[in-house]
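Subject: Structure handover

Hello,

Here is the structure for your files. Please keep it open while reading the notes under it.

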Amino acid sequence: DKNFIGVDIKGARMWSGATAAHNKGMHNVGFLRTHIEFIDKFFAPGEIAEIWLTFSDPQMKKVTKRLTSTHFLERYRRLLADNGLIHLKTDSNFLFTYTDLLVKANGLPVEFRTDDLYHTLAANENKEVANILGIRTYYEQQWIDRGLTIKYLKFHLPERSWNPTSKSRWTTIVPTIATNVRNSTRQNNFHSSPYPANSCSNISSCGASKTAPKEKQPSNTRLG
């Protein structure tokens with residue numbers, strides 16, 4: 001069985017999620033109210049199997065608050081099992097392109113990528129995509145109704161150093177590339193998410209899968 005932990009700072013969201021889980025008798029669901037900057041303080045190394053980032057604020061001006069920046073990837077690496085998964089689901093051209101470039105620059109293994117999730121499903125009938133499409137947030141449905149495309153990226157975050165020739169563990173996106181990403185997304189009807197900077201709309205939006213502290217075994221907890 002998988003455990004799911006929802007992480008957010010907004011009390012109203014905690015109440016809504018906890019009430020729904022209680023009413024449905026869901027015993028593998030938990031909630032953590034905290035700022036996402038402190039997420040690595042609540043889990044042991046390797047305790048989380050997957051992290052879901054759904055419709056996070058792209059934070060175009062503050063890279064250290066961007067939830068797919070190296071600043072946060074290093075935090076996720078501390079609590080994820082080796083080669084754990086990160087899922088990004090977004091309507092933001094900027095956040096998707098930035099993350100896609102960052103993943104490529106660091107040689108992180110990509111398992112699935114699409115810049116038009118729902119048309120990908122129609123074209124390929126992919127089971128993985130079908131499972132993702134099973135859950136739509138309130139805002140997501142509004143964006144779809146307005147004709148906006150939903151992007152999705154699923155990649156692994158290995159524990160090992162993937163840049164052995166670099167003095168730093170990470171290859172970052174240089175300012176010139178980031179500026180080009182910003183300009184191109186403005187030309188593509190960039191739409192900003194309504195979620196606040198420190199919110200993980202779901203840890204399955206920040207999404208984490210958590211296992212009980214037993215003898216060593218594969219992690220099976222999802223954060224969202």
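The notes below cover conventions, strand pairing and one loop.

This is a predicted model, in which local features need pLDDT of at least 70 and side-chain atom pairs count only at pLDDT 80 or more, while totals for chains, interfaces and linings use all residues. Residues are numbered from 1 along each chain as its sequence is written, and side-chain values use heavy atoms, with hydrogens and water left out.

Strand pairing

Helices (H or I, at least four residues) and strands (E, at least two) are DSSP runs, numbered from the N terminus. Two strands pair if DSSP finds at least two bridges between them. Strand 1 (residues 3-8) runs parallel to strand 2 (residues 29-33), and five bridges join the two. Between strand 1 and strand 2 the chain passes through helix 1 (residues 11-23), giving a right-handed β-α-β crossover. Right-handed here means that, with the strands pointing away from the viewer, the path from the first strand over the helix to the second runs clockwise. Phe4 has Val29 of strand 2 as its bridge partner.

Strand 3 pairs with strand 4 (residues 80-90), also in the parallel sense, over six bridges. His87 in strand 4 is the bridge partner of Trp52. With helix 2 between them, strand 3 and strand 4 form a right-handed β-α-β unit.

Buried means under 20% relative accessible area, exposed over 50% and partly exposed in between (1.4 Å probe, protein chains only). Strand 3 is largely enclosed by the rest of the structure, because seven of its seven residues are buried.

The loop between strand 3 and helix 2

Phe55 is in this loop and has a positive phi of about 55°, although it is not a glycine. Phe55 is buried, at 0% relative accessibility. Gln59 belongs to the loop between strand 3 and helix 2 as well; its phi is positive at about 50°, and it is not a glycine either. At 10% relative accessibility, Gln59 is buried.

Ser69 sits in the loop between strand 3 (48-54) and helix 2 (70-79). Is Ser69 buried or exposed? Ser69 is buried, with a relative accessible area of 2%. Setting aside neighbours within four places in sequence, Ser69 is in contact (heavy atoms within 4.5 Å) with Val63, Thr64, Tyr98 and Leu102. A polar atom of the Ser69 side chain lies 3.1 Å from the backbone oxygen of Val63.

Regards

Conventions
Polar contact = N/O pair within 3.5 Å; in protein donor to acceptor, adjacent residues only side chain to side chain.
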